[in-house]
Amino acid sequence: MLQRSNIVSPEEELQEFYGQLRAQHVTPAWISGGVSTEPKSKAVPYVWHWRDLRPQAMRAAELVGTEQAERRVLRLHNPELEGSSASNTLVANIQIVMPGEIARAHRHSPSALRFIIEGQGGYTVVNGARIPMSPGDLVLTPKWTWHDHANDTDAPMIWLDGLDSPLVRMLEAGFYEQYGEEAQPVGEGADPSLAKYGVGGLRPAWEPAPAARYSPLWHYPLSQARAALERLAAEGAGSPFDGVILEYTNPATGGPVMPTIACYIQVLQPGEHTQAHRRVCCANYHVIEGSGYSLVGGRELDWEDKDVFTVPTWTFHEHVNTGDRPAFLFSFTDAPVMKALDLYREEAKG
Ligand SMILES: [Fe+2]
């Protein structure tokens with residue numbers, strides 16, 4: 001009969017063997033820790049408060065110019081992660097561009113999103129298309145698209161940057177290139193991607209269907225998303241785990257806006273307390289407006305307008321709106337990566 005073998009060796013002999021292996025850059029798998037039965041993130045649930053972030057962004061703008069800093073960015077780093085990122089695969093950073101400033105044109109293989117927090121006007125140029133930026137708008141600068149930022153207003157422009165740079169770094173797939181000029185020439189149209197793709201269900205018929213894996217729409221105004229949420233909320237629609245939640249989609253495919261990042265906007269009604277669930281993806285949240293808290297892996301993260309918080313992968317979370325107005329949350333996750341690799345799961349608590 002076949003059975004598991006029971007060989008017992010003296011510790012001294014084992015240690016000598018392991019020493020030889022180490023010298024040969026070989027590791028015995030049986031001494032390097034047990035098998036884990038489910039994901040356990042090194043990242044912890046955490047909230048960064050706007051009341052702390054904004055003064056430091058303004059201070060950075062006093063101390064450092066955009067000639068010195070390619071991008072004037074404050075990285076929100078998870079207290080338990082070694083790198084400077086809010087979550088395992090996705091950064092959540094605060095970028096500030098002051099009146100009269102530009103952040104020069106470049107491109108890179110990490111995909112990026114901008115969610116505008118403060119400042120009216122100002123713009124990002126993506127592959128020659130000028131995109132105006134207003135609070136609550138989502139602007140995409142997908143991988144390898146040229147992008148530069150400019151603030152031609154008289155007030156600071158501040159936004160949340162979301163990038164998959166930790167993932168790209170881990171995959172050792174990062175490229176970066178500087179544009180020849182400080183800024184790209186701006187093409188025709190006030191907001192061309194929105195004009196062409198900003199109405200659901202319609203696309204320009206004189207152009208071929210977009211072939212890129214990222215969305216051809218690079219500007220998702222808050223006004224459109226908010227109106228859609230309010231229509232659905234009035235009908236009592238929504239999820240027990242997230243209230244009324246909408247995914248920003250690639251209008252050409254119906255899929256996520258970029259191959260590695262999915263973006264969402266949701267509304268929680270006053271007094272709403274969602275049910276807990278967990279998913280195989282990390283998520284960073286930005287509070288567009290509202291106040292409340294989220295219970296994330298047993299931690300209570302209190303939030304209010306413009307705060308940022310992070311929910312590590314496979315961590316139960318539920319949201320509570322304690323205010324007297326609807327709470328609007330923006331979030332972005334690496335779920336498309338997990339789904340592409342067939343690693344995605346989700347589970348309700350209890
Ligand atoms: Fe960039």
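**Iron site, aromatic contacts and pockets**

Along the chain, the donors of the iron ion follow the spacing H-x1-H-x38-H. In this predicted model, the protein donors are the NE2 atoms of His106, His108 and His147, which lie 2.1 to 2.2 Å from the iron ion.

Phe115 and Phe330, in turn, form a stacked pair, with 4.1 Å from centre to centre and 20° between the planes. Because Phe115 lies in strand β5 (residues 112-118) and Phe330 in strand β21 (residues 327-333), the pair ties together parts of the chain that are 215 residues apart in sequence. Both Phe115 and Phe330 are buried, and together with Tyr220, Tyr248 and Phe332 they form one aromatic cluster.

Rings also take part in contacts with charged side chains. The charged end of Arg130 sits over the ring of Tyr123, at 3.8 Å from its centre, while Lys339 lies over the face of Tyr344, 4.6 Å from the ring centre.

The largest pocket holds about 1000 Å³ of space. It is lined by 43 residues, of which Val91, Ser165, Pro166, Leu167 and Arg169 are the closest to its centre. Two or more lining residues are given by each of β2 (73-75), β3 (91-97), β4, β10 (157-163), α3 (165-170) and α6 (335-340), and the largest share, six residues, comes from α3. By class, the lining of the largest pocket divides into 18 nonpolar, 15 polar and ten charged residues.

The second largest pocket holds about 460 Å³ of space, and of its 22 lining residues the closest to the centre are Gly200, Leu217, Tyr220, Gln224 and Thr249. Tyr220 is also a member of the aromatic cluster described above. The elements giving two or more residues to the lining of the second largest pocket are α5 (222-234) and β13 (244-248), with α5 giving the most, five residues. This lining comprises 14 nonpolar, five polar and three charged residues.

Conventions: Residues numbered from 1 in each chain as written. Predicted model: local features only at pLDDT ≥ 70, side-chain atom pairs only at ≥ 80, totals over all residues. Heavy atoms only, no water. Donors = N, O, S within 2.8 Å, 3.2 Å for Na, K, Ca; no water. Phe/Tyr/Trp six-rings, centres within 6.5 Å; stacked < 30°, edge-to-face > 60°. Helix = DSSP H or I, 4+ residues; strand = E, 2+ residues; numbered from the N terminus. Buried < 20%, exposed > 50% of the residue type's maximum accessible area, 1.4 Å probe, protein only. Lys NZ or Arg CZ within 6 Å of the ring centre and 35° of its normal. 1 Å grid on protein atoms, 1.4 Å probe; cavity = no way out; pocket = protein on both sides within 12 Å on 5 of 7 lines; lining within 4 Å. Points joined across faces, edges and corners; volume = space filled by probe spheres on them. Nonpolar A, V, L, I, M, F, W, Y, C, P; charged D, E, K, R; others polar.
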